[in-house]
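Hi everyone, thanks for coming. Let me put the sequence and the model on the screen, and then I'll walk you through a few pieces of it.

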Amino acid sequence: MADPTLFSVPNSPALASQRPLFDDAEQFADLISKRASPSANQDPKLKPTVQEYSVFVSAAFELCRRDPAKWLEREKKFMANVPTQWASLNKMQKVSAVPSKTIGRTLAPARKQLPTTSPAKIQRPPRAPKVTPKFQGGIDGFVRAHNAGVISPGAANAARTRQPATREDTDFNAIPDYCPPLSTLNENSKFRVEWKGTPLDLSNDPHRHLLHPAEINLASVLRLSCASYLTSKRRIFNEKIIRCRQGMEFRKTDSQKACKIDVNKASKLWSAYEKIGWFDPRFITPHL
């Protein structure tokens with residue numbers, strides 16, 4: 001079943017036999033014109049009904065399509081009256097909406113005007129710098145010593161210059177020798193250690209003859225002179241004997257505290273001696 005035609009369509013033979021649903025738009029033309037006339041809009045409170053709205057919406061397009069020029073002329077006349085009517089209506093609404101400023105309202109008392117001028121600032125004399133008695137006495141004593149010739153400018157500068165301690169721990173003869181004999185090492189013995197930097201050249205070291213070739217290589221890798229190596233070696237085994245006599249363990253941190261070289265180098269020495277077996281009781285027991 002096909003839907004019925006809403007409006008009549010001129011010059012359409014296909015829909016000529018069907019009766020449109022809103023074919024009676026002409027009978028509402030007078031009602032629409034009456035509602036659109038200027039006299040019908042004089043009362044702003046008068047509003048169209050729902051039926052009038054629906055009729056207008058359904059018939060407005062058909063009326064405009066049949067005679068656009070007449071419809072446009074009528075709309076212009078209607079719109080010409082709208083601004084004056086709405087302007088007067090808006091003016092009346094604004095006047096009625098503004099509340100009265102004098103009825104039912106009490107005026108607040110006027111505020112007391114505070115003085116705008118700021119009080120005059122008190123000028124205070126600048127404070128003298130405070131010198132502590134201790135500091136002042138030090139300056140006076142230095143001036144008196146300088147005037148008496150006890151302290152010279154060069155001596156004062158030399159006293160302020162701190163000389164770095166560069167003395168190397170090389171006095172191995174002052175430490176008891178509890179080290180294992182070099183005969184425990186053979187030609188193939190090696191101390192496997194790793195260290196950053198280029199190995200130290202010990203070919204002309206005056207104490208080279210006191211070390212085994214494997215020890216010379218160990219000292220060279222750790223960048224220690226032969227005297228410094230011998231001193232650190234004796235300090236490690238001396239501390240080992242002392243702790244064994246007290247029934248205490250000898251750990252890597254103990255060797256770091258005993259030596260006066262870099263703690264990382266002392267750790268490398270402890271690890272090398274431990275791997276080669278020099279901490280074995282057969283080398284320690286004779287000295288207990």
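Let's start with a helix pair: α7, residues 226-245, packs against α9, residues 263-276, at an angle of about 65 degrees, and their axes are 11 Å apart. Helices here are DSSP runs of H or I with at least four residues, strands are E runs of at least two, and both are numbered from the N terminus. The axes are lines fitted to C-alpha atoms, for helices over the stretch in contact, with angles from 0 to 180 degrees between N-to-C directions. That makes α7 and α9 roughly perpendicular to each other, a label for 65 to 115 degrees; under 35 is roughly parallel, over 145 roughly antiparallel, and the rest oblique.

Who makes the contact, meaning heavy atoms within 4.5 Å? From α7 it's Y229, S232, K233, I236 and F237, and from α9 it's L269, W270 and Y273. By class, that contact has six nonpolar residues, one polar and one charged. Nonpolar covers Ala, Val, Leu, Ile, Met, Phe, Trp, Tyr, Cys and Pro; charged covers Asp, Glu, Lys and Arg; the others, Gly among them, are polar.

A quick word on provenance: this is a predicted model, where local features need pLDDT of at least 70 and side-chain atom pairs count only at pLDDT 80 or more, while totals for chains, interfaces and linings use all residues. Residues are numbered from 1 along each chain as its sequence is written, and side-chain values use heavy atoms, leaving out hydrogens and water.

Now to α6, residues 213-221, which is mostly covered, with seven of its nine residues buried. Buried means under 20% relative accessible area, exposed means over 50%, and partly exposed is in between, with a 1.4 Å probe and protein chains only. The buried ones are A214, E215, I216, L218, A219, S220 and V221. And our helix pair comes back here: the cover over those buried residues includes α7 and α9. After α6 comes R223, with a positive phi near 55 degrees.

Let me zoom in on I216, in α6. Its relative accessible area is 11%, so I216 counts as buried. Leaving aside residues up to four places away in sequence, I216 touches L202, R208 and L211. I216 and L200 are 16 residues apart in sequence, and their C-alpha atoms are 9.9 Å apart.

Zooming back out, the protein has ten helices and zero strands. Of its 288 residues, 26% count as buried.

Conventions: Contact = heavy atoms within 4.5 Å.
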